[in-house]
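I wanted to get to know this structure by looking up a few things and jotting them down. Here is what I opened on my screen.

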Amino acid sequence: MLKVVVMVSGGGTNLQAILDAIDSGKITNAQVTAVISNNPGAYALERAGQHGIEAVCISPKTFSDREAFNQALLEKVKEYAPDLIVLAGFLVTIPPAMIQEYRGKIINIHPSLIPSFCGVGYYGLKVHEAALARGVKITGATVHYVDEGVDSGPIILQKAVEVKEGDTPEILQRRVMEEAEWKILPEAINRIANGERSVS
Ligand code: GRF
């Protein structure tokens with residue numbers, strides 16, 4: 001059974017998609033053992049609690065400096081001894097020491113077709129604003145392994161989503177979530193949990 005720790009900063013709809021997929025049997029051989037947030041107000045923490053999953057917050061604001069926060073974050077993650085760490089809307093740079101410790105065991109969901117609209121500064125609505133500004137007709141989402149760069153690790157899964165006339169960033173964000181993110185993130189976890197090595 002793959003032990004999964006999910007890291008979140010916000011609403012946690014991707015977390016919800018993972019939990020639903022486990023409940024419905026779309027993900028097998030995996031369990032979410034903990035949800036960690038940097039943000040005490042993250043609704044994702046409540047979603048975890050409602051599911052009886054341990055939910056913890058480690059806020060950078062409660063540490064004297066970044067290094068102390070990074071260390072505490074890594075220590076907390078290690079307590080759960082995860083086989084897989086899923087960044088599901090986690091808006092904190094992963095400490096290099098964590099990447100070294102869990103190389104090949106950290107995955108992220110990004111709301112565009114990498115290598116478009118990714119890298120430094122492309123997060124949240126900004127990704128969709130940029131896609132609309134460029135006038136692309138197809139966007140999508142990507143699940144990838146996390147390395148030292150920003151959105152630069154090996155790609156696991158991608159799914160395309162149509163951009164429609166009159167889309168706002170908010171409308172496009174919602175469609176990308178519904179049609180791509182909530183599908184490919186659970187699917188990637190299921191593949192990893194079931195030993196499909198070909199995904200990397
Ligand atoms: C998603 O768009 C994800 O791709 C991005 O952050 C957002 C998180 O949304 N990395 P949620 O918290 O899962 O609802």
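**Entry 1: what I am looking at.** I reminded myself that this is a predicted model.

Entry 2: Which residues are around the ligand? I listed Gly10, Gly11, Gly12, Thr13, Asn14, Gly89, Ile109, Pro111, Met177 and Glu181. Sorted by class, this shell has three nonpolar residues, six polar ones and one charged one.

Entry 3: I then checked distances to oxygen atoms of the ligand. For glutamate 181, a polar side-chain atom lies 2.7 Å from a ligand oxygen. With asparagine 14, a polar backbone atom is 2.8 Å from an oxygen of the ligand. Glycine 11 also uses a polar backbone atom, and here the distance to a ligand oxygen is 3.4 Å.

How much of the ligand does the protein bury? On its own the ligand exposes 370 Å², and the protein buries 87% of that. I also looked up which elements give two or more residues to the shell, and found α1 (13-23) and α6 (169-193).

Entry 4: Where does the ligand sit? I found it in the largest pocket. Rolling a probe the size of a water molecule over the atoms is a way to see where empty space is left. The largest pocket holds about 930 Å³ of space. I got 40 lining residues for it, and the closest to its centre are Gly89, Phe90, Leu91, Asn108 and Tyr123. Gly89 was already on my list of residues around the ligand.

The elements that give two or more residues to this lining are α1, α4 (96-101), β5 (106-110) and α6. By class, I noted 17 nonpolar, 19 polar and four charged residues in the lining.

**Entry 5: a cis bond.** I went on to the backbone. Most residues other than glycine have a negative phi, and most peptide bonds are trans, so I looked for exceptions. Which two residues does a cis peptide bond join? I found isoleucine 114 and proline 115, with an omega of about 20°. Proline 115 is in the loop between β5 and α5 (125-134).

**Entry 6: a positive phi.** Alanine 81 is not a glycine, yet I read a positive phi of about 40° for it. I placed alanine 81 in the loop between α3 (66-79) and β4 (84-87).

Conventions:
Residues numbered from 1 in each chain as written. Predicted model: local features only at pLDDT ≥ 70, side-chain atom pairs only at ≥ 80, totals over all residues. Heavy atoms only, no water. Near = heavy atom within 4 Å. Polar contact = N/O pair within 3.5 Å; in protein donor to acceptor, adjacent residues only side chain to side chain. Areas by Shrake-Rupley, 256 points an atom, 1.4 Å probe, with all protein chains shown as cover. 1 Å grid on protein atoms, 1.4 Å probe; cavity = no way out; pocket = protein on both sides within 12 Å on 5 of 7 lines; lining within 4 Å. Sits in = over half its atoms within 2 Å of the grid points. Helix = DSSP H or I, 4+ residues; strand = E, 2+ residues; numbered from the N terminus. Nonpolar A, V, L, I, M, F, W, Y, C, P; charged D, E, K, R; others polar. Points joined across faces, edges and corners; volume = space filled by probe spheres on them.
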